[in-house]
Amino acid sequence: MGKTKEVVYGLYSDEQDLLKAVKAAKSGHMEIHDVFSPFPVHGLDPILGLEESRLHIAGFIYGMIGALTAFLGMTWIFTKDWPIIFGGKPYWSVPAFIPITFETMVLFASIGMVVTFYIVCGLGPGVTNETLHDRLTDDKFAIAFNTHDVTVDSAKSFFSQTGASDVNVKVL
Amino acid sequence: MSAPVSPIRPPLIEGHKSYHDITNDLVSPTERAPDKSWFIAFLLSVTVLGFGIFCILWTIWHGIGTWNLNRTIGWGWDITNFVWWIGIGHAGTLISAILLLFRQKWRTGVNRAAEAMTIFAVMCAGLFPLIHMGRIWMAMFIFPYPNTRGPLWPNFNSPLLWDVFAISTYFTVSLLFWYTGLVPDFATVRDRAKGIRRKVYNFLSFGWTGSAKHWQRWEALSLVLAGIATPLVLSVHTIVSFDFATSVIPGWHTTIFPPYFVAGAIFSGFAMVQTLMIITRKILNLQEYITIEHIESMNKVIVATGMIVGVAYLTELFISWYSGYIYEQFAFFNRALGPYYWSYFGMMFCNVVSPLFFFSKKLRRNIKFTFFMSILINIGMWFERFVIIATTLARDYLPSSWSFYVPTWVEIGIYVGTFGLFFTLYLLFVRVAPVVAIAEVKSILKTAGDQYVGPNAIHSHHHDDHDDDHGHSVPAHDDDHSYQEANQAGATSTATHAAATKTGIIEDDLTKIEGIGPKISQTLKDAGIYTFASLQQSKVEDIQRILDKAEGNFMGNNPESWPIQAKLAAEGLWAELDQLKDKLDGGRIA
């Protein structure tokens, strides 16, 4: 995605070390490019200053679109396009529309959210993202600084102070 | 990971696993060549599947006449099997969605396999209505799309069409939920692989990197999907029950059907999860991840839902008698004492009586017994659907049209064939994907690993915030603060040496002094000490007074070495300062 960037990163072996180091970097006003972990680390988002994900708002909108599509579609079909009386019920039999309206709402919300998730994360079938280290999906945690924001030397001393290993520079 | 953990919670991950051990254990089944037993099971499944496909083609070629359905019994094994498979498909989403909302940690051990099971079971289920249509090439008529027939639309008021929407939505959502959970684990497999295998898993992992923002969105997505999948899973079997409950057939036309079907679905779904997991954990050596605690938890769900089903059966009986409606009364009399009495008593025994054994803790934790029970329950739940469908239809309003029904070899073949499909897919899944959700298990390690909780714990919980290596070096709680401060002092020392503040005053980074953390640094700055030079000139007593006055517990901090350190820092003698720091203990002169 976009321009290549050069990052300097260090690996931590435990999420508590990672959290401490992120805190230290934040209090030292070092701008963190990204943090990588093999599983979601609890308590990381507020320290890192990540805003809450707005995915659920998107999900709500997709769900509403789905519900309206189904309900208005059935209404149009059964009152305007091809009205049929089933079992003496009115053309516009709202209670009978509820199950399909609900299912379509769930369908639209989940497909929409999942597709949005992959698009905003830049993930998807056939996407190859350069990774920093093969152990980052295994048992290591990394902090990466963009070399534009933090010089390699200060990053290196930061990593040695906070107990990081495998400090390296890589172009993403 | 400092979430409170009850000391009585048993561990869910055994064997003192490290993160790397978890990766190794859970990925390795996909990395080694399959053994002989896998090949035998796979060949057997594919053979059975092949026979099932043959029977389906036979049905399509010759027509539904190859089944023993007749004018009276219009739904036989086909719909029985459909409802049975759909019920089995309920446990996966229940485990992943409802238990996620309830924050049940034990779900992490079994959710992946249960979700896979859901998807495969729904595939098996979906086959039956399709071939039951007879002319399967007309299947697109069930979808509402502008067509050349008028356009003529499907009947949106019909529960049969609701089923189409419910099941296709359920399948889609389960698939998305499952795959989104798999993406980070595929990335784990990818990063251990080489060559073509790496390329394949790179494709499957969608380019996952494990970035913090991605994890945050991933968790948000999982939570919202769980939130909407929860009413979805309840709606699916509710709608399946509407296929019966909205009819005017005695024995079907009851309002108890939706809750009773949902409970029955969860009941049979968990039984099938037990059957599969007990085999899987043994063959793939996952006993440390799918522990006896997981099995017992599922048995508790089984006994609870089994009792709901039992109460529903008895309520149905009572209401049919109490209604005073003779057709309804006859329907239930016929179920229990009619020509299919054996299926009714099979159902009653397997679903109502046998789960009560699980009130015994000893039996809940007995793996062989659980396995036996899980099979029994699945037989019982199949009987339940057969009783509701075939038994009820066999004796309708007119005695002249009463009938009896036994399946033909084609119907049996299709049913057996769905087992072939189910196990073929499951066996492939076990080879390709990690059977246990790696990332999710890692995220509960600190709160559910047996080195942290339970009788074999070796790490104390009171110092959860600390490094495990250093936690023991902190004897008293009062010292915690200075320990943290000292630690942070080291951590932040690479920050810029001197930074100009907004007001233009030159500041030094005081946290470079051992013993000063960000909080103390701020306190000193508030008191007018901005630079190493001013700190160097301050008297120890004055610094102590500043600390004493300040809010916050700095009692454990001793500033006696700070002016000395500051002198070296002010003169830029960093090497000397580092030497001095080595001699100091948390900023104290040792």
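Let's start with Thr93(B), which sits in helix α4 (residues 90-101) of chain B; helices here are DSSP runs of H or I with at least four residues, numbered from the N terminus. This is a predicted model, where local features need pLDDT of at least 70, side-chain atom pairs count only at pLDDT 80 or more, and totals for chains, interfaces and linings use all residues. Residues are numbered from 1 along each chain as its sequence is written, chains are lettered from A in the order in which they are written, and side-chain values use heavy atoms, leaving out hydrogens and water.

Now for a helix pair. Helix α6 (residues 159-192) of chain B packs with helix α8 (residues 212-245) of chain B at about 155 degrees, their axes 9 Å apart. That makes α6(B) roughly antiparallel to α8(B) (over 145 degrees). The residues of this contact divide into 21 nonpolar, four polar and two charged.

Finally, zoom out to the domains, whose bounds come from an automatic or database assignment. Chain B splits into domain 1 (19-144 + 165-448) and domain 2 (474-583), with 63 Å between their centres, taken over C-alpha atoms. Chain A has domain 1 (6-52 + 131-171) and domain 2 (55-121), and there the centres are 44 Å apart, again over C-alpha atoms.

Notes
Axes fitted to C-alpha atoms, helices over the stretch in contact; angles between N-to-C directions. Helix = DSSP H or I, 4+ residues; strand = E, 2+ residues; numbered from the N terminus. Parallel < 35°, antiparallel > 145°, perpendicular 65-115°, else oblique. Nonpolar A, V, L, I, M, F, W, Y, C, P; charged D, E, K, R; others polar.
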